[in-house]
Amino acid sequence: MLNADEIAGLCYERFNQLPRRGKPEAGREWTLLAAVVKISRCAHSDTVEKEVVSLGTGTKCIGRAAMSPSGDVLNDSHAEVIARRGCIRYLIQELHKAVSGGVSSVFCQANEPGKWKLQPGVSFLFFTSHTPCGDASIIPMTDTQSQPCPPVTSVKGDGGIAGGGDKKRKAEEPSEGKNTKLPRLEELETAEKKLEDREDLKQSQSFLSNSSKSETPSQSQSAKTDSVLLEMKSRGLSGSAGLHPQVPDIHRTGAKCVPGGLADPLHPGVGYHNIGVLRVKPGRGERTLSLSCSDKLARWAVLGFQGALLSHYLQDALYFSTVVVGKCPYSQEVMHRALVTRCSHVSDLPAGFSVCPLVLLQSSLEFTFSHGQTELHHQAGQGRIAPCGAAISWCNVTEQPVDVTANGYKHGVTKKALGTAKARSLLCKLELFHSFLSLVSATDPSALPSSLRRPELQTYWDYKQASESYQQAWQQLHSQAFPLWPRSDRNLLLFR
């Protein structure tokens, strides 16, 4: 059995070894950390090797209006997404070794021509320093309403680059000058909080105006939510970490229910949220198209974390065997519901895909830059505590293992560089697509998977759609578990 504290310690140690650039300011800024750990079990001994192959920090998303049809902007910079995308870079490198005749520590040839599979004894687990935003974070609470999903900062003007002009941008740091073209982070968050308050008030008024009418499906779901959470209260949640059995409220997520489905009833206390529903993050300010990390982890547990492009090369989807959560408000039951139960009934998946029975563990070790630790070490004169605006990616690749971004672009890039490769994160869709195309070019034509031998393949969209087994699995998941999952706008995926 894996030791959760050992895994957490390994990830924190890897973070501590990273350069200072992009890390939070101690005592004033906080962030989230996530990582992918490769587990290698030796066949002829009890030896188990553990290696962090990808790590990410971050708490931000860009709004819908800032998304790029060129695929050159990083849409979602939550730590979980950063860690998974960094892992894709690592997997592409390992496949590149394999198809070039080298030795990969991850892949070996599969039975199917042009396909690869994991080396015997190799598996992957996922670590996150905090419960994922969305459904997994709606748990009973006794302390503060800490939110793992901070609000999005809608940065406008000067091309959306903080600082403007040719000055290098800083990741949402307060401006020292008075004549700045952009509001300070504190002012942005205050404005966004007012926006959310107005939206919540509107929903509350709507609920009150309909309270005398017959029960609607939404109200029925709300009642179900109340009963489930009240039952959780009475049982004391044996899987919780240090929570008192009698709880008056729940931890609330900033992520909002997806349009077209049930809305949160916003009742006082445990009836504030609906549970088990899809949510878009971050829930304040401008809406995004990014689903919550709870939803994405649940999706990866059915479709795999390799994505559509790498599915061309793989005989079987790649699944995380275990999810380890750092010290934070936590509930085993809620995590299981959010990441496993919601998709456990999905059936009729194509060959190579299955519903992964995740093992869920919690560590007793807290991340140094968690919100709680930042509050603990905050000193007078440091200004208000705020989420760090930068996102760090590190992965075990030969070239450019570290990638630091802010607001969807490389951290420190000038306005003049926008639209060039210099401004792009190595994790954006365009960069990952180009890395994949390099893998295809390095593959001997006779060894190419049959799905990649079509002359009509040109755009990112084409290559994704040509991964037929992956698309079939996604269709089953969509129809059986997540019918309200928003489909990507095709116009944002036609780059090449």
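The legends below describe close-up views of a predicted model. Local features need pLDDT of at least 70 and side-chain atom pairs count only at pLDDT 80 or more, while totals for chains, interfaces and linings use all residues. Residues are numbered from 1 along each chain as its sequence is written, and side-chain values use heavy atoms, leaving out hydrogens and water.

View 1. Helices (H or I, at least four residues) and strands (E, at least two) are DSSP runs, numbered from the N terminus. Buried residues (under 20% relative accessible area, 1.4 Å probe, protein chains only) of α1 are A4, I7, A8, C11, Y12 and F15. An α-helix has 3.6 residues a turn, so residues three or four places apart point the same way.

**View 2. S331 in a loop.** S331 lies between β13 (320–325) and α7 (332–339). S331 counts as buried because its relative accessibility is 0%. A polar atom of its side chain lies 3.4 Å from the backbone nitrogen of E333.

**View 3. A442 in helix α9 (residues 429–442).** A442 has a relative accessible area of 27% and is therefore partly exposed, that is, between 20% and 50%. A442 and K97 are 345 residues apart in sequence but 9.5 Å apart in space, C-alpha to C-alpha.

How values were computed: A polar contact is a pair of N or O atoms within 3.5 Å; within protein, one must be able to donate a hydrogen and the other to accept it, and residues adjacent in sequence count only if both atoms are side-chain atoms.
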